[in-house]
Amino acid sequence: MQTILIANRGEIALRVIRTCREMGINTVAIYSEGDTNSMHVKLADRSLCIGPAEPSKSYLDIPRVMSALEVSGAEGVHPGYGFLSENPRFAEIVRASGKVFIGPSPETLELIGDKVKAKEVAKKVGLPLVPGSDGPVDLQKALEVASKVGYPVVIKASTGGGGRGIRVVSNDRELREKFPLATQEAEASFGDGRLYIEKYLINPKHIEVQVLADRYGNVITLGERECSVQRRHQKLVEEAPSTALTEEKRREIQALVADFCREIGYEGAGTVEFLLDQEGNFYFIEMNGRIQVEHPVTEMVYGVDLVEWQIRIARGEKLNLPELQRRGHAVECRINAEDPRTFVPSPGKVEELYLPGGYGIRVDTHLYCGYVVPPFYDSLLAKLIAWGRTREEAIARALRALEEFKVSGSGLKTNIEFHKLVLSSREFQQGRQHIRFVEELLL
Ligand code: ADP
């Protein structure tokens, strides 16, 4: 592949452009009318405007992205995360046009995108599942399953994602009330109204294993990340490794993840997600077939460029990484354009910007002074990643960098203060954060 088109925007588009440059690959950016002044447009070798600011008419519009791909002459497309990255139809169309989709096959995306099917495979290879329904349920069946596993239970969309479409209910009455709403919502958001039920675990941790797999059956796992600091199921702080796993448990989970990937013939970079309960039991929840927002914490502790390996694998190369050694600890804070108290998105113009630096600090961002953060997309402004020899050192370094981090402008608010609060809290410093920790912290 001489030229790659990046079907994304923001920090992840930059992230991909950087690796392409280092590999001697030309880049083509696509952008919407809302992104004319974006950094990814400035940094790419070429750029093509594909439509209006609304994602449905630009970054999510397959015919428009395909036209750009044809016109550009690029041989491959990197989808980043979000947008079309896990859309099997897009992957299929790219393949049918004779181009390379940098990611898993359409068949694999279809399989892992159907959480019910993915759970069947997980069960087959011996990955533990959260107790719940075996497949999609109607209301009657949902009530039966809930009485068997016990309340609270969570209603999930079979083809849901990104923490959307999840509802917790504590009794029959709530289940009866919310089930039809969840069906409608799943139908509207994912075009598939099927729902399933799981026991709602009390204050678990979110753990996920990073995988790389090539088409020759080689599978490598690169340890885990912990992403328990979430708000409304959206991750805010991630780290690698997790303090909650012993080396023995870490090896056990990774071996099962590798089995799962072999079973489905996985190819590319991917992430298998788990919940870890307070007794140390882990449960498979889903697999994501894309590069994750939080991938840098893995890169920092393993010294591996995951995007480079996505491209190499897509080119048909064999995974031939030397024996991987984990080194130290890394923490990532997602700096979002949002009101620090209400979490309401607050885009605006960047008038003052000072990015932290120094040993062990990495900032992945598309911000520059004078840039106007558009209101049409997600609110991620920057990822601040801190590496340290120990977790304490990584946290201290992240806190130092947060102090230095300055971004302001009319209308623009960020959650930098929130991150300081999290990182300096006793619970986080002791590794006791769980998925409802933010709610408790803000009480
Ligand atoms: P999505 O595909 O929408 O991201 P997931 O199944 O991956 O949904 O779950 C997202 C988040 O929702 C998890 O990280 C966790 O915070 C919460 N969650 C999901 N399932 C459960 C459960 N059974 N019990 C408690 N929390 C859950």
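## Helices α1 and α11

In this predicted model, helix α1 and helix α11, the latter formed by residues 306-314, pack at an angle of about 65 degrees. Angles of 65 to 115 degrees count as roughly perpendicular, and α1 and α11 are therefore described as roughly perpendicular to each other. Their axes are 9 Å apart, and α1 passes α11 in a right-handed crossing.

On the α1 side, the contact involves R15, V16, T19 and C20. These residues meet L306, V307, E308 and I311 of α11. Sorted by class, the residues of this contact comprise five nonpolar, one polar and two charged.

## The five-stranded sheet

An open sheet is built from five strands in the order β3-β2-β1-β4-β5, and the pairing is parallel.

Strand β2, residues 26-32, runs parallel to β3 and is joined to β3 by five bridges. Within this pairing, A29 has S47 in β3 as its bridge partner. Helix α1, which spans residues 10-22, packs on the sheet. The strands that α1 touches are β1 (3-6), β2 and β4 (76-78). The direction of α1 makes about 175 degrees with that of β1.

## Helices α12 and α13

A further helix pair is formed by α12, residues 391-404, and α13, residues 416-423. Their axes come within 10 Å and cross at roughly 155 degrees. Angles over 145 degrees count as roughly antiparallel, and α12 and α13 are therefore assigned to that class. The crossing of α12 and α13 is left-handed.

From α12, the contact draws on I395, A398, L399, L402 and E403. The residues contributed by α13 are I416, H419, K420 and L423. Six residues of the contact between α12 and α13 are nonpolar, one is polar and two are charged.

## Division into domains

The protein chain is divided into three parts: domain 1 covers residues 3-93, domain 2 covers 131-199 and domain 3 covers 205-441. The C-alpha centres of domain 1 and domain 2 lie 35 Å apart.

Technical notes. Residues numbered from 1 in each chain as written. Predicted model: local features only at pLDDT ≥ 70, side-chain atom pairs only at ≥ 80, totals over all residues. Heavy atoms only, no water. Pairing = 2+ DSSP bridges. Helix = DSSP H or I, 4+ residues; strand = E, 2+ residues; numbered from the N terminus. Contact = heavy atoms within 4.5 Å. Axes fitted to C-alpha atoms, helices over the stretch in contact; angles between N-to-C directions. Parallel < 35°, antiparallel > 145°, perpendicular 65-115°, else oblique. Left-handed = near helix turned anticlockwise from the far one by under 90°. Nonpolar A, V, L, I, M, F, W, Y, C, P; charged D, E, K, R; others polar. Domains from an automatic or database assignment.
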